[in-house]
Amino acid sequence: MIVARTLQEFLQARAGFNDYSVALVPTMGALHEGHMALVKRAKELSHYCIVTIFVNQLQFDQQEDFTRYPKTEEQDIRLLEQHHVDLVWLPRVGDIYPKDFATHITVGGPSLLWEGEKRPGHFSGVATVVYRLFSLIKPHIACFGEKDWQQLQVIHRMVEDLNIPISIFGVPIVRETDGLAKSSRNRFLSQEDHQKSALLYKVLKHSHQRLLNGGVVAEVLQDAVQQLSDNGFEVDYFNVVDGQSLCKITEWQQNARLITAAKLGSVRLLDNI
């Protein structure tokens with residue numbers, strides 16, 4: 001496995017893959033089994049797998065969240081080597097955003113609601129860094145996790161609208177044994193909150209089954225929010241949306257997605273089904 005830390009090192013290594021298909025897995029580090037599922041899928045789809053580790057300040061709306069984001073570089077590199085990644089790039093800020101960089105990408109449509117409302121500027125930061133990585137790395141394929149469902153739709157929209165010649169693949173959520181969606185931020189849950197956090201997926205699954213059985217959407221959502229709130233969750237949203245546009249819908253239908261974000265203690269949890 002090649003580990004590149006400068007743009008020059010990366011481009012030199014990337015040149016060795018020019019005659020083959022390349023898949024990209026962009027990450028912010030603090031890697032776990034969910035990221036490894038992305039790596040596995042990327043390796044299935046291409047000759048070479050490139051992983052980037054870059055904590056993108058543009059997508060954080062609060063400086064505190066950015067500085068708090070876990071950094072486990074040595075562990076991450078060992079884990080990627082164990083999973084036979086071909087090239088890991090840890091770009092410097094100046095590699096991604098050179099001096100006087102002044103362009104930001106704004107994707108409307110699927111970015112406007114939910115996380116877009118709760119975290120102003122977040123998806124512009126995501127779209128900008130992903131576009132920069134695409135332009136520098138020139139992958140044929142890129143893999144993203146379905147846990148961040150709205151983010152995945154934003155990237156799909158950007159790639160289609162800007163006619164970027166890259167195939168985007170979503171990879172199903174990897175969960176802990178109790179059902180909690182794997183996330184780098186789960187490590188910040190207290191022991192008590194970690195035990196309680198499993199309720200989020202249980203409520204999500206139960207609500208999903210009620211909807212499949214013909215339950216009234218408004219009633220199902222109200223019951224879910226009440227149950228979570230009664231158990232210490234601060235619910236930002238729990239809604240049924242069109243899976244592609246992220247627009248709210250009032251009846252369960254094909255391509256519908258049940259999405260939620262809720263805070264437990266100091267940790268904000270996202271999930272969907």
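Predicted model: local features only at pLDDT ≥ 70, side-chain atom pairs only at ≥ 80, totals over all residues.
Strands of a sheet pair through backbone hydrogen bonds, either parallel or antiparallel.

With S2, S5 pairs in the parallel sense over 2 bridges, and Ala-23 has Ile-141 of S5 as its bridge partner. With strand S6 (residues 167–171), S5 again pairs in the parallel sense, here over 5 bridges, and Gly-145 has Val-171 of S6 as its bridge partner. Of the 5 residues of S5, 4 are buried, so this strand is largely enclosed by the rest of the structure.

In H1, which spans residues 7–14, the residues Phe-10, Ala-13 and Arg-14 are buried. These three cover an arc of only 100° around the axis, which means that they sit on the same side of H1. Gln-8 and Gln-12, on the other side of H1, are exposed. As for what the buried side meets, the buried residues of H1 pack against strand S1 (2–4), strand S2 (22–27), strand S3 (48–53) and strand S4 (87–89), and also against helix H7 (122–137).

The nonpolar interior comes next. In soluble globular proteins, nonpolar side chains tend to be buried together. In this model the largest nonpolar core has 41 residues, and Phe-134 and Ile-168 are those with the most contacts inside it. Leaving out residues up to four places away in sequence, Ile-168 touches Phe-134, Ala-142, Phe-144, Leu-152, Ile-155, His-156 and Val-159. There is also a second, separate core, which has 23 residues and includes Val-217, Leu-228, Ile-249 and Val-267.

A further open sheet has 3 strands in the order S7-S8-S9, and its pairing is antiparallel. S7 and strand S9 (267–272) stand at the edges of this sheet with a single partner strand each, so one side of each is left without a neighbour in the sheet. Neighbouring strands here are turned by 10° against each other on average, direction ignored. The antiparallel pairing of S7 with S8 extends over 8 bridges, and Val-241 has Arg-257 of S8 as its bridge partner. Helix H9, made up of residues 191–212, lies across S7, S8 and S9 and runs at about 160° to S8.

Two loop residues complete the walk. His-32 lies in the loop between S2 and helix H2 (33–45), and because its relative accessibility is 14%, His-32 counts as buried. Apart from its neighbours within four places in sequence, His-32 is in contact with Leu-79, Lys-182, Ser-183 and Ser-184. The side chain of His-32 reaches the backbone nitrogen of Ser-184 at 3.5 Å. Gly-108, by contrast in setting, is found in the loop between helix H5 (93–96) and helix H6 (115–118), and because its relative accessibility is 34%, Gly-108 counts as partly exposed. Between Gly-108 and Arg-175 there is a separation of 67 residues in sequence and of 30 Å in space, taken from C-alpha to C-alpha.

Key. Residues numbered from 1 in each chain as written. Heavy atoms only, no water. Buried < 20%, exposed > 50% of the residue type's maximum accessible area, 1.4 Å probe, protein only. Arc of directions from axis to C-beta. Contact = heavy atoms within 4.5 Å. Polar contact = N/O pair within 3.5 Å; in protein donor to acceptor, adjacent residues only side chain to side chain. Core = buried A, V, L, I, M, F, W, Y, C linked by side-chain atoms within 4.5 Å. Pairing = 2+ DSSP bridges. Axes fitted to C-alpha atoms, helices over the stretch in contact; angles between N-to-C directions.
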